[in-house]
Amino acid sequence: MRLSEYYKTKGVKEEKNLPHDKYIHRSEYVKKQVENDRTGTDIDTLKRAIADNLYYLQGVDEYFATPYDYYMAVAYTVRDRLMHRWMHTQQEMYTRDAKTVYYLSAEFLMGRQLQNNLINVGLWEPTFQALKESGLDLYDLLEQEFEPGLGNGGLGRLAACFLDSLSTLEYPAVGYGIRYEFGIFEQLILDGWQAESPDNWLKLGNPWEIHRPQLTYKVRFWGRTEHYIDEKGRKRTRWNPDLTVLGSAYDTIVPGYATNNANILRLWAAGASKQFDFQVFNSGEYERAVSEKTFSETISKVLYPNDSTPQGRQLRLQQQYFFVSCSLQDILRRYNVNHNEFDLLPEKVAIQLNDTHPAIGVPELMRLLIDEHDVEWEKAWSITTKCFGYTNHTLLTEALEKWPISLFGGLLPRHLEIIYEINARFLDEVRKRFPGDNEKISRLSLIEEGEEKKVRMAHLACVGGHAINGVAALHTELLKKEVLKDFHEMWPEKFSNKTNGITPRRWILLSNPKLALLITQKMGRGWIKNLDELKRLESYANDPNFQRAWRQIKLENKDDLAEYILQHNKVEVDIESIFDVQVKRLHEYKRQLLDVLYIITLYNRLKNNPNLKITPRTFIFAAKAAPGYMMAKLIIKLINSVAQVVNNDPDVRNQIKVVFLANFCVSLGERVYPAADLSEQISTAGKEASGTGNMKFALNGAVTIGTYDGANIEIRECVGEDNFFLFGLRVEEVEELKRRGYNPADYYNRNAELRGVIDRLSSGWFSNGDTTLFESIVRSLLTRDEYLLFADFQHYLDCQEKVAQVFKDKETWTRMSIMNCLRIGKFSSDRTIKEYCEDIWRVKPLPTTLQDYDPESAFLHKRSAEGESTKKKAER
């Protein structure tokens, strides 16, 4: 039936036609049309609501509607139902004055929203049927959605998983970040090289966001500070900025799975406080008339500007302060709805810093309390340190942000003053604890001395919060022993581990529905909210029928990915081969290059022995390199160059194929993870904080080949040593090797296969005879090899040979695949969030009762300051 026919069916439906949604606790069904269209979930109501939104919001009918128009109409229909949940959740939060989590992150890699939201609120089946009856295909409409690239990788995806779990577990929370106009770049591969194109994800609008122009805050930059004595005789400081930028809120509703609760992600967009200078315009200086507007909007223009220039570094610091200041001002506004004093702020507010990007929040909250709200220093500091928690995500010293004093003090003069005061008081405390230890004082100082003094942002986060956590057991131990050793000696009670996790709703229920159905048929749906329940299926791991069904699903997923590869890469791959996959941000420590060396090893073997038969493999890569990271971009070029040669060499006889998938993102990951046989997690031991891709692969039945690093260690402990291919040096062995003096040339000289690989690479074989193209890679490996590829090379080859042999035994491999999935329950983000809430945030669940929409309580009447409606007052 065509959607237009539903404009003729505006009558009220009988209550008996409204089926009960088993996932949403609904009160009595209502009879009024407005309720049905806004909140109803039966098929006829959904068809009518979609038709209304197509006609009244998109302004088209079926004769002019494009597929994107239909997508928008469906999205708005779903958003209405999310809004219903969010409104009730907010009412509960304010009415009960609940302590709330505020999660500050520079990245939120949310992925596409429509399918996830349909699943979480139990609307997938009725919406699919409503569209089918209207001649539309929901799967086609899903492909119309632009994916917001508001993150660079694991950090942003983790934040998204956490928001899903917070809503699902019914914890009150708000995520805060930046509404980047252009997200992470769209990656193109041109002649094997990465090229960056703007990610204009907002060009056709975003139906999921709600602009809140009334929530606009002033953010100040540059200028000078003025010290004075107020009327009470107190020393005060006034910041007179040179530039004021406005931050405006955009909300995205994040519903929980099978619950009435919904939280929000609030993103800030930058705008000018003075949009247009009419006098300058009239004088003919048109560009200068809008210069402030253009400059201000640049702050939220793009995710992670290239910081290889002074201007790029300044913009990145501006971005961090911009979103943190807006967020903290908003947090205080929300708190002040129910409070007049700030004494109870730590009891009502938990602020988590997701890495060092939001660490500027410590002096900013101090500034707001002291300068804007007249709170004394000691009291403000006590409040601040009780509110903040800090999650560290890296062991790489270069990733622990440090800002030059010249840049920091010029841009944020008041904050530098506050940091100096914090540092002076903190170092006094250090001197009392460790008298005479000047080296420790220097290491702990918030200011790094040297030719150019710098503000240490990780230090600031450690001093300014009550909790510091790592994201995997090994990572946390290395923080205690090495990276943050002095802080651990100072405050051991602040430190804890919170191993990362992933949401099973997106990473199996949505991305691998066939496998999710197989599991559900055996044990029901409880596992979706309690992933540990998967262990109950371990008795099926050796069952022949279950194994056949498991293998068939994996094969079908591989076939789906093979079609994608054929369409986008023009490469035909064998779905019976090992799908050997490494997809993640490209960095040298993650060692995509070690995987390439193994590919060249296999290639050399086949070239040297044309009759050799090996276990067929399809090597699948996907990775984005930071625009200014030239070595990473050269490695991408190498992967594509090796692929070009290997895939077209008749001597290989299609026994190996190499594919690089461009523009890796959440939706592409949803295709890749379910199809993988082997998960490559091969970082140098001691370099990966945790990783979450390893968890997504295992949940979808991929077997890991990996080093003793990050969360690999805990995954191996959970799935069992027999279900994990371990290789490589451990952390202590890495340290010992470097202490003795590591010489990669020794490995090159001793290992004939390694020498053959490097010689072929340096000969120009993969670069059309150009011996200079990959010269820097070869030179780096032979003279430095910072990440010990040569040291782990032979062990990696030996481990890969085990992989090849086991894969031939289908029953054994299938059992390993099954056990990886069933024993991965610990790595649900639900578990991680429970630990944060219980150990760090001290936040309790706040279940929401969903009431049917009633115009009488739809806030179409004014409420008094005390919250009582004028209508109720009149009735009383």
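Trainee: How do the residues of the lining of the largest cavity divide into nonpolar, polar and charged?

Mentor: Rolling a probe the size of a water molecule over the atoms shows where empty space is left. In this predicted model, the lining of the largest cavity comprises 11 nonpolar, 4 polar and 3 charged residues.

Trainee: What volume does the largest cavity have, and which residues are the closest to its centre?

Mentor: Its volume is about 190 Å³. Of the 18 residues that line the largest cavity, Gln113, Pro148, Trp201, Asn206 and Trp208 are the closest to its centre. Helix H3 (67–95) and strand S9 (262–272) each contribute at least two residues to that lining. The structure holds 8 cavities of 30 Å³ or more.

Trainee: Let us turn to the sheet. In what order do its 9 strands stand?

Mentor: Strands of a sheet pair through backbone hydrogen bonds, either parallel or antiparallel. Here the order is S5-S8-S9-S2-S1-S10-S11-S15-S16, in an open sheet with mixed pairing. Strand S5 (209–221) and strand S16 (495–497) each have a single partner strand, so one side of each lacks a neighbour in the sheet. On average, neighbouring strands of this sheet are turned by 25° against each other, direction ignored.

Trainee: How many bridges join S10 to S11, and do the two run parallel or antiparallel?

Mentor: Strand S10 (residues 349–354) and strand S11 (residues 388–391) run parallel and are joined by 4 bridges. Within this pair, Leu353 stands opposite Tyr390 in S11.

Trainee: Which strands does helix H7 touch?

Mentor: Helix H7 (residues 154–168) packs on the sheet and touches strand S1 (100–104), strand S2 (173–178), strand S8 (243–255), S9 and S10. The direction of H7 makes about 55° with that of S8.

Trainee: Where does Asp374 lie, and what is its relative accessible area?

Mentor: Asp374 is in the loop between helix H13 (361–372) and helix H14 (377–387). Its phi is near 60°, a positive value in a residue other than glycine. With a relative accessible area of 41%, Asp374 is partly exposed.

Note on methods. Residues numbered from 1 in each chain as written. Predicted model: local features only at pLDDT ≥ 70, side-chain atom pairs only at ≥ 80, totals over all residues. Heavy atoms only, no water. 1 Å grid on protein atoms, 1.4 Å probe; cavity = no way out; pocket = protein on both sides within 12 Å on 5 of 7 lines; lining within 4 Å. Points joined across faces, edges and corners; volume = space filled by probe spheres on them. Nonpolar A, V, L, I, M, F, W, Y, C, P; charged D, E, K, R; others polar. Pairing = 2+ DSSP bridges. Axes fitted to C-alpha atoms, helices over the stretch in contact; angles between N-to-C directions. Contact = heavy atoms within 4.5 Å. Buried < 20%, exposed > 50% of the residue type's maximum accessible area, 1.4 Å probe, protein only.
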